[in-house]
Amino acid sequence: MVKIRIDGRSIEVPGSSTILEAARQNDIYIPTLCHHPKLTPFGGCRLCIVEIKGMPKPVASCTTQVAEGMEIATSTDAIEDIRKLVLELILSDHPNDCMVCEKTGSCTLQDLAYAYGIRENEFSGERRTYATRDGNPFIERDLEKCILCGRCVKACDEIQGVEAIDFGYRGFKSKICTTYEEDLDCEFCGQCVAVCPTGALTGKSWKLQGRPGGSLREVDTICPYCGTGCNITVHVKRNEIVRITSAEDTANEGWLCVKGRFGYKFASSPDRLTSPLIRRDGAFVEAGWDEALDYIVSQLGGIKSRHGSDAIAGLSSARCTNEENYVFQKFMRAGVGTNNVDHCARL
Amino acid sequence: MSNSTVVRVCMGPGGIAAGGKGVLDEFEKCLSEKNIQASVRENCSSHQVGCLGLCARDVLVEVHTNGAKTTYQYIKPDMVERIVTEHISGGQPVSEWLVDDAFSAFYKKQVKVVLSDVGKVDPEDIDAYVAAGGYESAREALTAGSPRDVIDEVKSSGLRGRGGAGFPTGLKWELGRAATGDIKYIICNADEGDPGAFMDRAVIEGNPHSVVEGMIIGAYAIGASKGYVYIRAEYPLAVERLKLALHQATDRGFLGKGIFGTSMDFDIEIKLGAGAFVCGEETALIASIEGQRGMPRPKPPFPVNKGLWQRPTVINNVETLANIPYIIRNGCAWYASYGTEKSKGTKVFALTGKIRNPGLIEVPMGITLREIIYEIGGGIENDKNLKAVQTGGPSGGCIPASMLDLNVDYDSLARAGSIVGSGGMIVLDEDDCMVNMAKYFVHFTQTESCGKCVPCRVGTKRLLEILTRITKGEGRTGDIELLERLSAGIKTASLCGLGQTAPNPVLSNIRYFRDEFIAHVRDKKCPAKVCREMLSYRIIEKFCRGCGACLRACPGGAITGEKKKPHVIDPGKCIRCGACFDVCKFKSVEKE
Amino acid sequence: MNKILHEILDAHRKKGGNIITLLQGTQEAFGYIPREAVAFFSEELNIAPSRFYGVATFYAQFRLKPIGRHKITACCGTACHVKGSDKIINGLKRELQLSAENDTTVDGEFTLEEVACLGTCSFAPVVLVNGSVRGKTSSDTVVKEIRALRKKEHE
């Protein structure tokens, strides 16, 4: 542990922390766009610069480690002027179409523009213009809104290990690129979408369905797809799921897979089974739950008495929880009396 | 040696560009022809020498005969035979082709340390370098003293990094020595990216072994077992000569296992740059050697602790390393006797631009700009007036003509708002526009920005846009102040040295030539008549002979006129390219 | 192509190397970086192809499109700039009908490259025609040479 002073406050933090981490642990706010607590530091947005006593120039707090006795000022006039300048520069190369942007309300860039009161921009000039053309059904990439913070590249590499995207070109022409700038072709896990601080990466299925904080109701629940049990937040509009996100302070740290993040449409699909069906005379006929369970019991019982327990096999699903799968095998072994039990994930 | 005849043909970049190979071949041909009749073969040899410095007078040829040296300038292959006949056989130099007084003035004020063997030893022959005392410093350092001794010697010499920043070399090595790691690296930064600078190229092409020897000594001092030379692919001859030098040094046991009979293992590998100015920045250079995009990493950790593959790494510039063998050989006191209190030794500059004698020069630190420009450089080309001297390239600034007596050293130049930089020195005359120069450098840094941090990526773009509109006559009130505010922000907030210094040319040009900026913004005039959009061309009727040269040269079809009658320019069609102005032999095209 | 790619890969495996050296080898062999090369190296070395693309677009040396038969290299260094390299470049662009996006003529005969400083500042302005130096040159002189090269092709 080392003792440092931030904005006059004496605090004690682990010696391995960066200044930004130390500040956050102690509820001291430093703005940043490119930093993400779960990804390696980048140091590109320059918003988190702070002054350290005895240093000739401000340093980026996200990449500078604390040291014993360090005296840090996070918000001097000079620092705030530079932050404002940097924000103006970012916004000078941004569509600024917050009115129709999916990210409005949950956009870090928008929040900062608000906090620094940036309306007029002295630095208007050329903007990067790109045609959007991704054919995939999941991720919308609007690279004009990209601020090149690199979070998506790091998430794709460090979290998912897919490396579908990387920085391309350099200078003002820099751009997040797939190989040869072809359409995105990856696992579509959407970790990149989750970490994007602007509206550059959004879910295609979210489009025009409502923005967080507005008319949407947020329901925290567990992802039904598999036994991992990721925490998800379901965004509901008029009793229909329109978006799924996951908070960073959960067991799964906010990371999801393509199914959990984008595969929610089944919930309100007209094709979805909502009551049991029993095949009668070659056709499925809707039945009540009691009727269906009675039917299963009588059929299993009949097979078991005629052919023995091992004539029955049970096949469970990866979409069940561990507990459910446990109960299922218990039922097969103890109830039915067979070890013929398996699971779709093994097939 | 006294009665042997040696012909030296400049085969540096300048010499080759001016046709040095043809001259060399012709000499060989002529000499061998003579040889049959006069049997002078055994006394004659042609060495390929490196850069003699005064490239503008290429092809330069030195004839050493009977203990005397004669230098010829502007030699073409068809002139060779006469030199061989009259001078080498006849003993009578061809007087009208000899170099003039300006040539000797070019050398008078120079002090050669790094360049002392350049042009004298054959860069492709290790024996020539060894005969001149080469590799003795390395042998002595490795066998007779400790790494500490080497570090102390370099520290006492006062040598500072010649790549631009001027960090004390001895101190860097001391930090490298102190750093812990299972393996340490020394890297020679030969990614000479400054436009208008070619010192490193000349050193490697002219005396590659001095760099190799410097690296060996440095590696010993810090405890490195592996060295890399990161060199621009745009310098094919330098790469070739360096490869050869490494090969020869390995054959001699100066590189490899147990070098100089000691227990030290040391190897050097060449890594070719792929064209990115930012890779001159240490952390970007490391990323590039690792095969990645050359994007700088935040410092600390500094490369000296966590560099190449996270191991301690010392990075020195070519010229810095090439100084080392001479410092060890002649002693730190000798080296420190040149220069000023805080800037010791000599510095190589590439003197170019509107100067009579452009070329490569080596001068003691602290020499005045006046001495460099008027004594060594011979003054301004075409009798124009000096306006400013640009030093430090895109990271530097300009020194106005009024400050000619400024000493050229790290601190004086920094106080004047520029830097020594890697050593480009571009002389500007009254025909150069300072707004345009600022724009040129910002354009350069803007295209070379790696794009990682916002101030550099977007900030330099906006700087360039503001400068561009000023040079187009579309400057707005407040633009100069806006440039200053933006520049200050970019300098403070950028991640690496490229961004932190990118606004320097803008700030320094505003500082010394604010009136010129005001003329552009307020009056929509370019006083130097450079900025195209603010110019208009007109043919002065009474001077025009109607020769039609301008009409033929005009790419826009803006000039009309009958033969032998005055022509006219249609301002609506004129694209202001200046082609007519350039071709007119009668000065009848006026621009304003 | 496959044979050459295998040779580059073998050299890489023997001598050690990285994405940059692989791309340099590829460009030396083909004059540009063909997509097939990236796919091949990525597959063989288990390095994501996006990394190759990122590196190839970062460095000025690498070309993603085939190069013209004749290469004109115009130096844009400071010394050349003050001696009028802009005029030369504009003149060449006009002659070759090139745009900001296209550095190679439609017929694939000429490629115009702009490079930062060739280090021959004493001869500014400098242009390389197929690698050989033309010092203290002008737009007219180079244009004449281009036309001569064109004529030669037609004969």
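Me: Which residue of β5(A) stands opposite Arg5(A)?
Reply: Arg5(A) faces Glu71(A) in β5(A). This is a predicted model, in which local features need pLDDT of at least 70 and side-chain atom pairs count only at pLDDT 80 or more, while totals for chains, interfaces and linings use all residues. Residues are numbered from 1 along each chain as its sequence is written, and chains are lettered from A and ligands numbered from 1 in the order in which they are written.

Me: Why are β2 and β4 of chain A called edge strands?
Reply: The open sheet has five strands in the order β2-β1-β5-β3-β4 (chain A), with mixed pairing. β2 (9-13) and β4 (59-60) of chain A each pair on one side only.

Me: Why is one side of β10 and of β12 of chain A left without a neighbour in the sheet?
Reply: An open sheet of three strands has the order β10-β11-β12 (chain A), with antiparallel pairing. β10 (217-222) and β12 (240-245) of chain A each have a single partner strand, so both stand at the edges. Neighbouring strands of this sheet are turned by 35° against each other on average, direction ignored; the axes are lines fitted to C-alpha atoms, for helices over the stretch in contact, and angles run from 0 to 180 degrees between N-to-C directions.

Me: How many bridges link β10(A) and β11 of chain A?
Reply: Six bridges link β10(A) with β11 (residues 231-237) of chain A in the antiparallel sense. Ile222(A) stands opposite Asn231(A) in β11(A).

Me: Why does Asp27(A) count as exposed?
Reply: Asp27(A) has 7 C-beta neighbours inside 10 Å and therefore counts as exposed. The loop between α1 (19-25) and β3 (49-52) of chain A holds Asp27(A), whose phi is near 60°. Most residues other than glycine have a negative phi, and most peptide bonds are trans.

Me: Where do cis peptide bonds involving Pro300(B) occur?
Reply: The bond from Lys299(B) to Pro300(B) is cis, with omega near -10°. Another cis bond joins Pro300(B) and Pro301(B), with omega about 5°. Pro300(B) lies in the loop between α12 (282-289) and β8 (313-317) of chain B, and Pro301(B) is also placed in the loop between α12 and β8.

Me: How do you know that the buried residues of α7(B) line one face of the helix?
Reply: In α7 (residues 147-157) of chain B, the buried residues are Val150(B), Ile151(B), Glu153(B), Val154(B) and Ser157(B). Down the axis of α7(B) they fall within an arc of 160°, so they line one face; the arc is that of the directions from the helix axis to the C-beta atoms. Just after α7(B), Gly158(B) takes a positive phi of about 80°.

Me: What makes residues of chain C and chain B count as being in contact, and how many are there?
Reply: Two residues are in contact if their C-beta atoms, placed from the backbone, lie within 7 Å. By this criterion, 33 residues of chain C are in contact with 43 residues of chain B. The side of chain C that touches chain B divides into 18 nonpolar, 13 polar and two charged residues. Here Ala, Val, Leu, Ile, Met, Phe, Trp, Tyr, Cys and Pro count as nonpolar, Asp, Glu, Lys and Arg as charged, and the others, Gly among them, as polar.

Me: Which helix supplies the largest share of the side of chain A that touches chain B?
Reply: The contact takes 26 residues from chain A and 23 residues from chain B. Helix α2 (residues 77-92) of chain A gives six residues, the largest share of the chain A side. That side divides into 13 nonpolar, seven polar and six charged residues.

Note on methods:
Helices (H or I, at least four residues) and strands (E, at least two) are DSSP runs, numbered from the N terminus. A residue is buried if 20 or more other C-beta atoms lie within 10 Å of its own, exposed if 12 or fewer, and partly exposed in between; C-beta atoms are placed from the backbone. Two strands pair if DSSP finds at least two bridges between them.
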